[in-house]
Amino acid sequence: MRKKIVAGNWKMNLDYNEGVSLFSEIVNMVRDERKGDQLAIICAPFIHLNSLAKLGGNDVKIGAQNIHDKESGAYTGEISAKMVKSVGAEYVILGHSERRQYQAESDELLAAKTKMALANDLKPIFCVGETLDERNNGSYYEVLKKQLINGIFSLTEEDFRKIVIAYEPVWAIGTGLTASPEQAQDIHAFIRSEIEANYGFNVADDTTILYGGSCNPGNAASLFAQKDIDGGLIGGASLKSRDFTDIIKALNS
């Protein structure tokens with residue numbers, strides 16, 4: 001049975017003390033709201049990972065927002081999967097639309113990062129999504145399929161079962177636009193059907209697929225009520241403890 005997950009992505013926000021303070025609030029609030037079969041994750045900047053991992057316990061898991069595709073070497077300013085794992089993180093976001101856009105990360109690079117994460121016992125939260133132009137011109141199914149095939153469909157079934165997928169309608173991130181529950185469900189169902197075509201029904205049915213397009217306390221319940229939406233990858237709302245916890249509560253409705 002697939003996990004229900006709400007994962008927060010703090011992006012490039014919060015200094016050290018701010019991060020510890022917010023995370024402490026989140027842990028205390030999530031402890032009261034999270035059910036046993038639900039998982040809360042915070043994906044924080046690298047400076048926070050070690051401290052947050054010590055504070056989170058079993059209530060909130062920790063993830064990074066990126067890793068390098070090489071094990072080690074002369075890559076100034078980069079962080080390896082081994083380093084991330086060594087400070088207590090269990091997850092890593094890969095393929096986020098902002099990194100695809102601003103750092104020009106290709107599907108091939110993301111495939112290498114995914115394999116490196118898995119080799120170091122990190123669970124990837126692998127992001128896919130289409131731009132507004134791709135949505136409007138009707139090519140979004142092809143775009144998503146290509147991202148899946150080139151990024152993660154070469155994995156063995158054993159490794160693929162460790163993947164969490166996040167669907168990000170890029171056109172709905174920071175734009176004030178939000179995919180309707182029906183639009184989001186359509187894409188989640190499509191992604192699940194592509195997984196089934198490659199790995200079979202059981203793997204597809206067990207794969208957690210998150211919605212990552214401006215999910216907030218006001219729309220979370222209607223999104224999470226959809227058959228194939230198993231939670232959310234949360235941006236701005238994860239920077240407010242009450243909002244993040246309310247989104248977790250929406251998994252219960």
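Helices here are DSSP runs of H or I with at least four residues, strands are runs of E with at least two, and both are numbered from the N terminus.

## Getting started

Welcome to the model. This is a predicted model, in which local features need pLDDT of at least 70 and side-chain atom pairs count only at pLDDT 80 or more, while totals for chains, interfaces and linings use all residues. Residues are numbered from 1 along each chain as its sequence is written, and side-chain values use heavy atoms, with hydrogens and water left out.

## Helix α5

Helix α5 covers residues 107-119 and has 13 residues. From its first C-alpha to its last it reaches 18 Å, close to the 18 Å expected at 1.5 Å a residue; the expected span is 1.5 Å times one less than the number of residues. After α5 comes Asp121, with a positive phi near 65 degrees. Most residues other than glycine have a negative phi.

Which residues of α5 are buried? They are Asp107, Leu110, Ala111, Lys113, Thr114, Met116, Ala117 and Leu118. Buried means under 20% relative accessible area, exposed means over 50%, and partly exposed lies in between, using a 1.4 Å probe and protein chains only. Among the elements that cover these buried residues are β4 (91-94), β5 (123-128) and α7 (140-151); contact means heavy atoms within 4.5 Å.

## The annotated active site

The unreviewed UniProt entry carries an "active site" annotation for His96 and Glu168. UniProt positions are given in the numbering used here, feature names are shortened, and annotations may be inferred rather than shown by experiment. The two residues span 73 residues in sequence, yet no two of their C-alpha atoms are more than 8.0 Å apart, so they gather at one spot.

His96 sits in the loop between β4 and α4 and counts as buried at 6% relative accessibility. Leaving aside neighbours within four places in sequence, His96 is in contact with Asn9, Lys11, Cys127, Glu168 and Leu233. Glu168 belongs to the loop between β6 (164-167) and α9, and it is buried too, at 2%. Beyond its neighbours within four places in sequence, Glu168 has contacts that include Gly95, His96, Cys127 and Gly212.

## The annotated binding site

A "binding site" annotation in the unreviewed UniProt entry covers Asn9, Trp10, Lys11, Gly174, Ser214, Gly235 and Gly236. From this set, Asn9 and Lys11 are part of the lining of the largest pocket. Gly235 lies in the loop between β8 (231-234) and α12 (241-250), and, apart from neighbours within four places in sequence, it is in contact with Asn9 and Lys11.

Lys11 is found in the loop between β1 (4-9) and α1. Its phi is positive, about 55 degrees, although Lys11 is not a glycine. Is Lys11 buried or partly exposed? With a relative accessible area of 22%, Lys11 is partly exposed. Leu14, in the loop between β1 and α1, has a positive phi near 80 degrees and is partly exposed at 26%.

## Two pockets

Rolling a probe the size of a water molecule over the atoms shows where empty space is left. On a 1 Å grid over the protein atoms alone, a cavity is a set of points where a 1.4 Å probe fits but cannot get out, whereas a pocket is an open set with protein on both sides within 12 Å along at least five of seven lines; lining residues have an atom within 4 Å of a point. Grid points are joined across faces, edges and corners, and a volume is the space filled by probe spheres set on the points.

The largest pocket has a volume of about 380 Å³. It is lined by 14 residues, and Lys11, Met12, Gln65, Asn66 and Arg99 are the closest to its centre. Helix α4 gives the most to this lining, with three residues. The second largest pocket has a volume of about 260 Å³ and 17 lining residues, with Lys3, Arg161, Ile163, Val164 and Thr208 nearest its centre.

The 19 residues of α9 should span 27 Å at 1.5 Å a residue, and its end C-alpha atoms are 26 Å apart, which agrees. Gly200 follows α9 and has a positive phi near 100 degrees.

His188 is found in α9 (residues 181-199) and is buried, with a relative accessible area of 0%. Not counting residues up to four places away in sequence, His188 touches Tyr167, Ile209, Leu210, Tyr211, Asp228 and Ile229.
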